[in-house]
Amino acid sequence: MNLQAPAEATALRAACQALRVALGRPGGLCVLTGAGMSAESGIATFRDALTGLWARFDPMLLASEAGYRDDPQRGWDWYAERRAGVRAAQPNAGHLALAAFARRHPGVLALVTQNVDDLHQRAGNADAIRLHGDILQDRWLDGCRHGPACHPDEAQPGRPPRCPRPGCGNLLRPGVVWFGEELPAQALDAARQAAERCAVMLVVGTSGAVWPAAGLAGLARRAGAAVILLNPHASEIDAEARLHLRGTAAGLLPALLDAL
Ligand code: APR
């Protein structure tokens with residue numbers, strides 16, 4: 001028995017139709033994901049009321065360089081807790097559907113993510129373009145004075161770990177993009193090219209509150225792509241979309257992709 005409201009079923013059929021156009025083209029489908037993609041894997045989003053990280057913690061204290069320098073131990077402990085959550089999480093049916101689609105249609109999918117977890121990669125999308133870095137990676141807070149030989153793995157244990165060389169004490173920080181920092185140029189370039197090249201852009205689980213990632217939907221639309229948003233709630237980039245699929249990533253992505 002199909003419980004979907006007729007409008008939702010119609011939107012899903014129209015989205016499947018649009019996706020078929022993308023199938024025959026290299027880079028025909030660009031998928032942009034946000035925190036909602038991993039919500040059903042038990043990883044909190046940022047802005048969902050009450051449950052979102054930014055509803056419980058101050059982003060400027062925890063996701064900015066100044067905040068980290070102000071109290072590195074507070075920052076390190078917070079990321080350590082988030083890292084433990086990511087390691088304990090499993091890719092959900094949405095992650096798995098994207099990976100299976102990429103295997104069935106080599107070269108068609110360009111996957112761009114704002115997420116710093118590794119669930120896309122663990123599901124099988126090793127080539128996902130990471131716009132906001134990787135929470136499981138460490139790097140030095142300051143430029144290293146000792147040259148390339150100074151690897152984060154050499155850091156002396158602590159909260160945070162620090163460089164063991166006399167007179168240095170450089171601190172480790174998580175390999176994520178903090179507020180006020182530039183995105184990795186190569187990843188941003190690749191994401192923009194993917195947006196301009198695709199026939200369909202599927203935007204999954206993002207509030208569209210953070211730029212330049214949020215601008216990719218408009219870039220794709222202006223380049224002639226059909227933009228489809230998948231989100232249980234309204235987002236700040238709804239106006240860019242031709243179709244809105246009101247549902248969840250793990251619930252709708254298999255329905256959308258498995259038949260293609
Ligand atoms: N499936 C799909 N979408 C969902 C689900 C779900 N199960 N659960 C929640 N959502 C939607 C919410 O409605 C919301 O629009 O996911 C979105 C999550 O939005 P944010 O929490 O703002 O996350 P995101 O858009 O990824 O944030 C962008 O902001 O804090 C920074 O660097 C961080 O990458 C992050 C960026």
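Strands (E, at least two residues) and helices (H or I, at least four) are DSSP runs, numbered from the N terminus.

The model is a predicted one, in which local features need pLDDT of at least 70 and side-chain atom pairs count only at pLDDT 80 or more, whereas totals for chains, interfaces and linings use all residues. Residues are numbered from 1 along each chain as its sequence is written, and side-chain values use heavy atoms, with hydrogens and water left out.

## The sheet

E1 belongs to an open sheet of six strands in the order E3-E2-E1-E6-E7-E8, with parallel pairing. Its edge strands are E3 (129-130) and E8, each of which pairs on one side only. Two strands are taken to pair if DSSP finds at least two bridges between them.

On one of its pairings, E1 runs parallel to E2 (residues 109-113), to which five bridges join it; Cys-30 stands opposite Ala-110 there, and Val-31 has Leu-111 as its bridge partner in E2. Five bridges also join E1 to E6, again in the parallel sense, and in E6 the bridge partner of Val-31 is Leu-202.

E6 (residues 200-204) is in turn joined to E7 by five bridges, the two strands running parallel. From E6 the chain passes through helix H10 (residues 215-222) to reach E7, a β-α-β crossover that is right-handed, a term that applies if, with the strands pointing away from the viewer, the path from the first strand over the helix to the second runs clockwise. Within this pairing, Val-203 has Leu-229 of E7 as its bridge partner. Leu-229 also stands opposite His-244 in E8, and E7 pairs with E8 (residues 243-245) in the parallel sense over three bridges.

How many of the five residues of strand E7 are buried? Five of the five residues in E7 (residues 226-230) are buried, so the strand is largely enclosed by the rest of the structure. Ala-226, Ile-228 and Leu-230 point one way from E7, while Val-227 and Leu-229 point the other way, and all are buried.

## Aromatic rings and charges over rings

A search of the whole structure finds two aromatic pairs. Rings of Phe, Tyr and Trp (its six-membered ring) pair if their centres lie within 6.5 Å, and planes under 30 degrees apart count as stacked, over 60 as edge-to-face and the rest as tilted. The rings of Tyr-68 and Trp-178 have centres 5.1 Å apart and planes at 40°, so this pair is tilted. Tyr-68 lies in helix H5 (residues 65-70) and Trp-178 in the loop between strand E5 (172-176) and helix H9 (185-197), so the pair ties together parts that are 110 residues apart in sequence. Tyr-68 counts as buried at 0% relative accessibility, and Trp-178 likewise counts as buried at 1%.

In the other pair, the rings of Trp-78 and Tyr-79 have centres 4.9 Å apart and planes at 80°, so the arrangement is edge-to-face. Both Trp-78 and Tyr-79 are buried.

Trp-178 also has the charged end of Arg-173 over its ring, 3.7 Å from the centre, and Arg-83 lies over the face of Trp-76 at 5.2 Å from the ring centre. A charge is counted in this way if NZ of Lys or CZ of Arg is within 6 Å of the ring centre and within 35 degrees of the ring normal.

## Around the ligand

The ligand has 22 residues around it, of which Phe-46, Arg-47, Thr-206, Ser-207 and Asn-231 come nearest; a residue is near if one of its heavy atoms lies within 4 Å. The table gives polar contacts, meaning pairs of N or O atoms within 3.5 Å; within protein, one atom must be able to donate a hydrogen and the other to accept it, and residues adjacent in sequence count only if both atoms are side-chain atoms.

| Residue | Atom of the residue | Distance to an oxygen atom of the ligand |
|---|---|---|
| Gly-205 | polar backbone atom | 3.3 Å |
| Ser-207 | side-chain N or O atom | 2.6 Å |
| Asn-231 | side-chain N or O atom | 2.8 Å |

Note on methods:
Buried means under 20% relative accessible area, exposed over 50%, partly exposed in between (1.4 Å probe, protein chains only).
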